[in-house]
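Work through the exercises below with the sequence and the structure open beside you.

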Amino acid sequence: MTRTLFTLFTASAILSFIGASLAEPAVLGVNFRKEVRRDPTHLNRLARRQKSLTASIENADLLYLINVTIGTPPQPFGLQLDTGSSDIWVPATNADVCRQSPQSCSLFGAFNYNASTTFVDIAPGQFQISYVDNSGVTGDYINDTFAIGKTTIKQQTMGLAAQSNRALGIMGIGFDSGESIAASGVEYANVIAQMKLQGYINTMAYSLWLNDLDSNDGSILFGGVDTSKFHGSLISIPIQPDTQSQAITSFTVVLSSVTVQNGSGSTQYSQTNLAVPVILDSGTSLTYLPDQYANAILSGVGATNDPNYGYTVPCSLGNTAATFNFTFGGASGATIVVGINEFVVPIVTTDGSVPTLQDGSAACNFGINPAGTSPNLFGDTFLRSAYVVYDLENNQIGLANTDFNATGSSVTEFSNSVIPGASAAPTTLVVTQTFSGIPLATQSQGSGTGMVTGVATATFNLGTPRATSKAAAMLALGPPKVEIAMVAAGLVAVMSFVFGSSLVLLM
């Protein structure tokens with residue numbers, strides 16, 4: 001079976017390579033707009049520049065979705081963008097999850113393979129992927145046309161889910177070595193590799209700009225760097241290997257220090273001279289640190305560990321001027337400054353209400369948690385403040401402080417082994433990633449209603465809140481209703497809220 005799969009995947013790569021000689025190199029930028037309205041409706045322009053591809057992504061509160069089409073004629077999907085995995089997969093229309101939750105499959109997309117003239121089932125029953133939370137997906141490996149905006153990738157290998165406990169598919173953009181089938185000794189050209197094979201980008205690399213918590217949009221730029229999306233220096237640091245295989249399988253970098261300061265610049269917490277392996281993972285909502293550091297921070301900010309909502313803090317905490325400074329790659333490496341507001345995440349429960357603390361004030365989740373026995377993950381609560389360049393060919397990460405809500409564009413394409421405009425950190429720090437597998441794709445939020453139990457007192461002096469909190473405003477407005485607006489390039493802005501372990505759609 002392994003030999004057969006290798007033959008099929010290799011044939012697909014060869015055909016894609018032949019197609020590359022015919023493909024016209026393209027630089028594509030996508031501009032989009034989204035309307036959000038308080039009514040019960042539920043649910044880009046493409047421009048040539050250098051040899052890179054920009055696609056828009058939508059902040060679905062705790063998820064980042066990218067809009068694609070699959071098949072011929074094209075069928076639309078909203079997929080979760082995930083740097084922590086390497087496979088694209090979507091549910092089939094006859095998958096168990098679509099029979100159980102047809103509304104969710106209708107919203108995000110389910111693949112009718114019988115309706116696609118370019119569909120090929122290359123490995124029936126061979127697609128299997130599991131996540132840290134023990135959720136999993138099984139089905140077939142398929143080949144079909146995959147498009148982002150007006151960029152069409154032919155004969156892309158993907159997973160087609162027959163059994164899944166989630167309706168929302170994933171666009172994994174990690175290393176080929178991280179593919180679910182790689183453990184059997186077989187790898188295929190995933191979407192990043194196909195972009196290069198088919199002539200759309202020069203280097204298997206991309207830049208991720210998530211924008212801030214209040215924004216509903218961001219962008220991913222394949223094959224280039226957009227200098228208008230960050231400020232200060234762009235610093236490159238090496239990606240670290242897996243301890244078992246010594247191969248590069250995840251975006252693991254070295255965390256060398258973490259410091260918490262209040263608005264006056266007074267240090268409230270500091271750990272330096274660290275060498276902690278952390279994975280930069282857009283498929284994870286929160287940030288997970290080793291327990292000793294996470295627990296000290298949670299105690300410092302006065303977080304309460306509630307059985308329904310997890311670690312909660314007063315929402316007003318987000319209106320202090322405190323910052324978290326994370327340094328990667330040694331003392332002279334990249335330092336990313338994250339405002340505490342990015343770690344204070346509003347909770348909306350399954351009945352649409354905002355839970356309160358015992359004093360009646362609005363409760364929010366805190367976006368740093370202990371990792372326990374799971375990997376140390378720097379998810380969206382951190383990534384929103386960083387402009388991150390993922391260079392899969394040269395095994396390096398570029399980090400800079402993001403420029404929130406930037407409107408300009410200044411794109412430089414990759415042309416060699418150096419991240420455009422980056423300076424290499426003079427680091428000798430080396431760690432190995434002990435975790436093997438695929439990180440959790442999403443994280444849960446509160447499933448209860450009412451009041452948070454327990455009381456905690458902050459030990460950090462973070463300053464006085466400056467204004468009314470975002471979540472307090474949400475409490476006054478009541479349950480939000482979201483309309484999904486079609487945008488110029490045919491991209492659909494998808495919004496949703498995550499509660500418990502499932503996706504709940506507000507109607």
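Predicted model: local features only at pLDDT ≥ 70, side-chain atom pairs only at ≥ 80, totals over all residues.

**Exercise 1. Strand pairing**

Solution. Begin with the two strands themselves: β20 and β24 pair in the antiparallel sense, and 3 bridges connect them. Next, look for a residue pair that illustrates this, and you will find Thr-312 with Asn-365 in β24 as its bridge partner. Then turn to strand β23 (residues 344–346), which is also joined to β24 by 3 bridges and runs antiparallel to it. Here the example to locate is Pro-346, which stands opposite Cys-364 of β24.

**Exercise 2. The surroundings of Asp-226**

Determine whether Asp-226 counts as buried or exposed, and then describe what its side chain reaches.

Solution. First place the residue: Asp-226 belongs to strand β13, which spans residues 224–226. Second, consider its accessibility; because the relative accessibility of Asp-226 is 7%, and buried means under 20%, Asp-226 counts as buried. Third, follow the polar contacts: the side chain of Asp-226 is joined to the side chain of Ser-228 by a polar contact of 2.7 Å, and it also reaches the backbone nitrogen of Ser-410 at 2.8 Å. Finally, list the residues that Asp-226 touches once those up to four places away in sequence are set aside, namely Leu-221, Tyr-387, Gly-408, Ser-409, Ser-410 and Val-411.

**Exercise 3. Nonpolar cores**

Which residues have the most contacts inside the largest nonpolar core, and which helix gives the largest share of this core?

Solution. Start from the protein as a whole, which has 7 helices and 32 strands, and in which 58% of the 507 residues count as buried. The largest nonpolar core has 82 residues, and those with the most contacts inside it are Phe-146, Met-171, Val-301, Phe-324, Phe-326, Phe-328 and Phe-366. The largest share of this core, 5 residues, is supplied by helix α5 (residues 291–301). Now examine Met-171 individually: leaving aside neighbours within four places in sequence, its contacts include Ile-66, Val-68, Leu-79, Phe-146, Ile-148 and Phe-222, and also the polar residues Gln-80, Asp-82 and Asp-87.

Technical notes: Residues numbered from 1 in each chain as written. Heavy atoms only, no water. Helix = DSSP H or I, 4+ residues; strand = E, 2+ residues; numbered from the N terminus. Buried < 20%, exposed > 50% of the residue type's maximum accessible area, 1.4 Å probe, protein only. Core = buried A, V, L, I, M, F, W, Y, C linked by side-chain atoms within 4.5 Å. Contact = heavy atoms within 4.5 Å. Polar contact = N/O pair within 3.5 Å; in protein donor to acceptor, adjacent residues only side chain to side chain. Pairing = 2+ DSSP bridges.
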